[in-house]
Amino acid sequence: MAFELYQLHVLMKAKEGNTEVAPIPSAVSRHLGCHQTMAYLSSDSIRHIFRKHPDLDMFELLHMPDMVRHGLWLTDYEKPHMAIVVYQPPDTSPRYASALKVTGSGFEPYMSSFYRLRDRDYRAKLKRGDVLRPHL
């Protein structure tokens, strides 16, 4: 499963909606008490991402499915209803981070952010929680 640019553009323009991203690792589901095994990206979340990080482009979001499947998953001591995923695509320099937020009594797991991650921010994230699953 992968995103297509057209799919992301439609989602961004939709008043409401979501699209599947990728299956959530079982360690992450257990940690969050999540009953749904698929992560979603909502139209609200994609607009939030580009409002907060206008330096990103749509091509970078194409990494999100691989991020969910292969990234380093961390807990966040300050936000127990969330998990953080960090991913560095092969052969590229930027490292990305995203957060998975679970709502609706564990039935609505949404990717709520996506941004580039600097080295010092990466080290700080490693100190803020435990590893749920290492980078694959």
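Visitor: Why is Ser42 called buried?

Guide: Buried means under 20% relative accessible area, exposed over 50% and partly exposed in between, with a 1.4 Å probe and protein chains only. Ser42 has 12% relative accessibility, so Ser42 counts as buried. This is a predicted model, in which local features need pLDDT of at least 70, side-chain atom pairs count only at pLDDT 80 or more, and totals for chains, interfaces and linings use all residues. Residues are numbered from 1 along each chain as its sequence is written, and side-chain values use heavy atoms, leaving out hydrogens and water.

Visitor: Which residues does Ser42 touch, not counting residues up to four places away in sequence?

Guide: Ser42 touches Leu11, Gly17, Asn18 and Tyr110, where contact means heavy atoms within 4.5 Å.

Visitor: What makes Tyr40 and Tyr110 a tilted aromatic pair?

Guide: Rings of Phe, Tyr and Trp (its six-membered ring) pair if their centres lie within 6.5 Å; planes under 30 degrees apart count as stacked, over 60 as edge-to-face and the rest as tilted. The search of the whole structure finds 2 aromatic pairs. The rings of Tyr40 and Tyr110 stand 6.3 Å centre to centre with 50° between the planes, a tilted pair.

Visitor: Why does Tyr110 count as partly exposed?

Guide: The relative accessibility of Tyr110 is 22%, so Tyr110 counts as partly exposed. Tyr40, at 18%, therefore counts as buried.

Visitor: Why is the pair of Tyr96 and Phe114 called stacked?

Guide: Their ring centres are 5.0 Å apart and their planes lie at 20°, so the pair is stacked. Tyr96 and Phe114 are both buried.
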